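Here is a briefing for a reader new to this structure. Take a look at the model, then read on.

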Amino acid sequence: MSVNIEENGNLKLSTGNIVFYEGENVKNISIVTKGEIDVYISSKEILGIEDENEVMRYSCRLFSIPKNIMLGIGSYKSNSKYMFSFKAKENTEIYAVKTPNQDYVKSFFKVNKPYLTSMYHSIAYMILKSYEEYIKIKKINSDIKIISSNLAVIYFNLQQNKSKNIKSEIFKGYKEIYDDSINSGFNFPASFDVDFIRADHSEIYMHNKNQLIENTEKLDFEIDYVRRFLTMPREIKNQFFTYDENMSLDASHMLYENLKKISSLLKNEIVEAIENILFLSSNEEESLFGEYTKTALDLDKQGRDNEVWVKYIKFMSNIIKDIYNKIKTEYDYDLHIDVDDIDSIIRRISANSTNTSDDNIILGIDDVDNIKVTLGFEELPEEVKNPTKKLIEMSGIDENKAKNFMKSLQAFRKLRDKFSTDDDVRKIRRGVTSVFFEIYREIAKRSIINGDNSRLIKMFLNFGYMDDQLLTPNQIMDLYEIKDKSKTKRINVYYIDEWLQKIYDKDEPPSVNGFGQDYREALRELKKRGTINDKELEDHWESSSKRLEYEVDNMIETTHRLCYGQVSVYFPILHKDMITKDFERALIRRDVMEKSIKDITDIDFSAFYREVLYKNKELNIEKELVMQEVLPNIILMPTFGSRAIMWEELSSRQKNSTGRFLFPIFTSEEIDSLLIPTIGAFRWELCKTMLGPAWNDITQMSITSEYSDYVQFYKKNRGLSDEAKEKLKVQIKKCRNNLREVFVTDYNLWIRYESKGIMRLNRVARGILYRQVPFAKDIRVELEKQPMYTEIANRFKNIRNKKATELENRYFKFTKSGNPLPDELQHHIDFYKNM
């Protein structure tokens with residue numbers, strides 16, 4: 001029976017006390033003031049359970065909630081019921097307020113407005129924790145289903161149509177799947193095959209996942225919002241929620257509906273997971289373990305070979321016992337599987353086997369002994385266990401630094417709010433960050449120079465994985481197994497270890513530092529300060545190792561926090577609180593990046609074009625400027641972030657050198673939302689660099705000069721209405737008077753909306769962008785039909801045609817003898833004539 005709350009005030013609970021049962025009416029607002037409370041969930045509606053004791057018997061422990069979290073979060077709704085059961089994890093105290101009706105709830109919050117923030121925060125907290133458990137159980141269920149599905153079809157394959165009468169509907173379903181697969185020409189293994197058991201053959205079995213993907217993506221969007229809310233400073237939350245209690249209760253209601261939805265998904269997933277586990281082994285119904293065992297014993301009685309059946313049975317026994325123990329330990333749920341009976345069966349079927357001994361009766365034969373079954377319960381691979389200690393030892397950093405680093409890291413592990421902006425928390429994060437990149441530099445040198453490419457080192461360099469206590473085992477396994485096998489045709493997309501190899505091999509020059517200095521300029525600055533002499537300067541210049549160190553110490557250390565996106569709460573090591581989407585779908589894949597760039601250049605065809613010097617001694621061409629496309633290098637930074645950086649528009653003084661774009665390797669953002677502003681910033685900076693001091697000279701029409709004039713003198717611009725001027729004033733203020741940001745904001749609208757004929761810009765900005773950032777020809781043809789574009793389109797066509805004619809006339813002398821025009825010159829004409 002749950003606790004009886006007779007009056008408002010503090011209530012002390014002993015360890016194990018049930019505070020509220022799932023399904024019980026919410027009649028109070030309760031907030032945890034001391035200790036922790038475990039949260040349980042059942043599937044009472046699905047299973048038809050009403051008795052309170054039975055509810056707890058069929059409930060799984062999900063997570064614990066700390067103090068300051070509300071339990072009666074549905075109290076503002078009429079006839080609301082608890083979605084979860086709550087059980088005191090330790091000696092705990094709650095403060096309870098009875099809520100006889102909705103009017104009382106409103107009056108309570110009107111007097112105690114700060115509790116409105118707590119209410120919304122508590123719902124958000126419950127959503128996030130429930131979602132994390134949903135993803136975890138979903139993964140467990142998926143892995144179990146893969147193994148049980150494969151074992152079921154193998155059962156029918158081994159029986160070769162000699163199977164007994166099966167009553168179970170699940171078994172019958174898999175018999176149909178087996179028959180369909182055989183009819184479609186699929187061959188199942190006739191011997192013991194672990195790889196087949198562990199592989200996902202759902203496409204062959206015709207499982208439909210479309211709806212599942214759709215639901216998960218929608219959930220991810222909602223969860224991303226919740227994560228962002230939970231990291232907001234409390235004072236900002238308080239300002240919003242204490243403004244209007246009715247509005248705050250409505251907002252809580254909408255969020256509460258999301259909690260109900262996730263709760264329902266979680267319940268269904270748990271029921272399905274339990275059904276799949278019991279399909280493996282059950283004391284009461286037909287199960288895979290039971291049917292395999294019957295067949296093995298029957299064959300043994302007949303004196304026939306049952307070795308392959310015994311192998312599968314032993315394999316199953318290890319999985320079943322592992323699942324049973326882990327579910328009981330982690331979820332406080334008893335599957336009622338008789339483990340002793342399973343051991344007894346293993347001993348019995350092994351008794352007459354010539355290939356087994358007493359030493360491997362429980363563990364199974366050699367084929368099974370070392371199998372890693374990926375169920376979300378298994379032990380992590382040895383090479384990625386305890387990574388912090390291993391990486392520190394590999395780096396060889398100073399012992400005192402290592403101790404201080406570990407002290408700060410241990411303090412960070414214990415933080416409840418890892419995104420807190422309190423000074424003490426900032427100090428903890430700085431304590432880790434200050435040493436992290438020294439470790440990173442030394443590990444990078446070990447990898448690149450010594451060729452140490454162990455999985456741990458690659459996960460550290462490319463993903464930022466350094467602490468197994470900051471991620472769940474499933475997340476670590478996802479990182480361990482993640483692979484991007486896609487390839488690109490035109491764009492170079494580098495992981496960090498690949499990029500550092502390029503720097504070390506001198507295939508690419510080191511990136512500029514935070515002051516915009518290239519490697520040579522930075523060395524000169526060191527010499528000027530007396531840090532190095534002339535000889536050391538040249539040694540540093542020639543040294544591959546020094547170039548590698550410089551790239552880590554300057555580019556990577558500086559941009560890592562920028563790509564993370566939230567500089568004020570930046571932390572260099574990957575941890576679960578920063579992860580808003582599973583790694584597989586958050587990974588920026590090379591082919592996806594290339595496709596996104598192509599999609600944008602299909603609109604902004606000249607994004608990566610610039611004038612470069614062309615020479616041809618045979619044709620006596622000494623100096624001719626031609627348009628050339630130079631695509632940027634994409635470097636994926638080892639973090640889960642929300643921001644991309646245009647780090648360099650040119651990587652050397654050569655006008656045809658590549659730019660450098662930096663992206664977080666994992667992100668929950670749409671790639672286009674990161675890429676479009678990055679290309680906009682690139683266009684601006686490339687224009688400035690190419691024009692030099694004349695970048696804002698309006699007599700030389702360009703992106704930078706026209707936008708400088710547009711922003712600087714907008715108040716006197718007759719082409720702008722009063723409304724347009726007011727909007728531009730707000731835009732300039734929002735962009736902190738930064739010309740580039742004003743342009744990038746408009747460029748984003750230009751690509752996303754104006755290219756589709758949807759008006760989002762004022763007349764003047766549209767004219768500048770049409771001239772300086774022209775759309776591809778097919779888009780221009782469509783837009784010309786709109787009156788708003790007619791005038792600027794005709795003027796643009798006339799200018800381009802005139803330029804193309806001039807070039808054809810100038811280059812005619814190279815072809816009058818019958819020789820073809822060099823590709824570079826022909827492409828230059830085509831740029832103005834056909835693009």
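Predicted model: local features only at pLDDT ≥ 70, side-chain atom pairs only at ≥ 80, totals over all residues.

Residues are numbered from 1 along each chain as its sequence is written, and side-chain values use heavy atoms, with hydrogens and water left out.

**Overall picture**

- The protein has 32 helices and 13 strands. Both are DSSP runs, numbered from the N terminus: helices are H or I with at least four residues, strands are E with at least two.
- The C-alpha trace spans about 95 × 75 × 65 Å along its principal axes.
- Of the 835 residues, 52% count as buried. Buried means under 20% relative accessible area, exposed means over 50%, and partly exposed lies in between (1.4 Å probe, protein chains only).

**Second largest pocket**

- Rolling a probe the size of a water molecule over the atoms shows where empty space is left.
- The search uses a 1 Å grid over the protein atoms alone. A cavity is a set of points where a 1.4 Å probe fits but cannot get out. A pocket is an open set with protein on both sides within 12 Å along at least five of seven lines. Lining residues have an atom within 4 Å of a point.
- The second largest pocket has a volume of about 1100 Å³. Grid points are joined across faces, edges and corners, and a volume is the space filled by probe spheres set on the points.
- This pocket is lined by 32 residues. E611, M627, M701, Q772 and Y832 lie nearest its centre.
- Elements that each supply at least two lining residues include β9 (609-616), β10 (621-629), α25 (671-691) and α26 (703-712). Helix α31 (787-815) is another of them, and α31 gives the most, with 6 residues.
- The lining of the second largest pocket divides into 18 nonpolar, 4 polar and 10 charged residues. Ala, Val, Leu, Ile, Met, Phe, Trp, Tyr, Cys and Pro count as nonpolar, Asp, Glu, Lys and Arg as charged, and the others, Gly among them, as polar.

**Cavities**

- The structure holds 5 cavities of 30 Å³ or more.
- The largest cavity has about 210 Å³ of space.
- Of the 15 residues that line the largest cavity, D224, R228, Q566, M578 and T580 are the closest to its centre.
- Two elements give two or more residues to this lining: α7 (210-230) and β11 (633-641). The largest share, 3 residues, comes from α7.
- By class, the lining of the largest cavity has 4 nonpolar, 6 polar and 5 charged residues.

**Salt bridges**

- The structure holds 51 salt bridges. Each is a side-chain nitrogen of Lys or Arg within 4 Å of a carboxyl oxygen of Asp or Glu.
- K403 pairs with E399, the closest N and O atoms being 3.6 Å apart. They sit 4 residues apart in helix α15 (residues 399-414), so about one helical turn separates them. K403 is exposed at 51%, and E399 is exposed at 54%.
- K595 and D599 meet at 3.0 Å, N to O. Both lie in helix α24 (residues 590-601), 4 residues apart, about one turn of the helix. K595 is exposed at 52%, whereas D599 is partly exposed at 32%.
- Salt bridges that share partners join R441, E442, K445, K546, E549 and D553 into one network.
- E584 and R589 form a salt bridge at 2.3 Å, N to O. E584 is partly exposed at 43%, while R589 is buried at 18%.

**Loop residues**

- H336 has phi near 55°, a positive value in a residue other than glycine. H336 is found in the loop between α11 (307-331) and α12 (339-350). Its relative accessibility is 45%, so H336 counts as partly exposed.
- N620 has phi near 60°, also positive in a residue other than glycine. N620 is found in the loop between β9 and β10, and is exposed at 61%.
- F192 is found in the loop between α5 (169-183) and α6 (194-198). F192 is buried, with a relative accessible area of 15%. The C-alpha atoms of F192 and K311 are separated by 6.7 Å, though the two are 119 residues apart along the chain.
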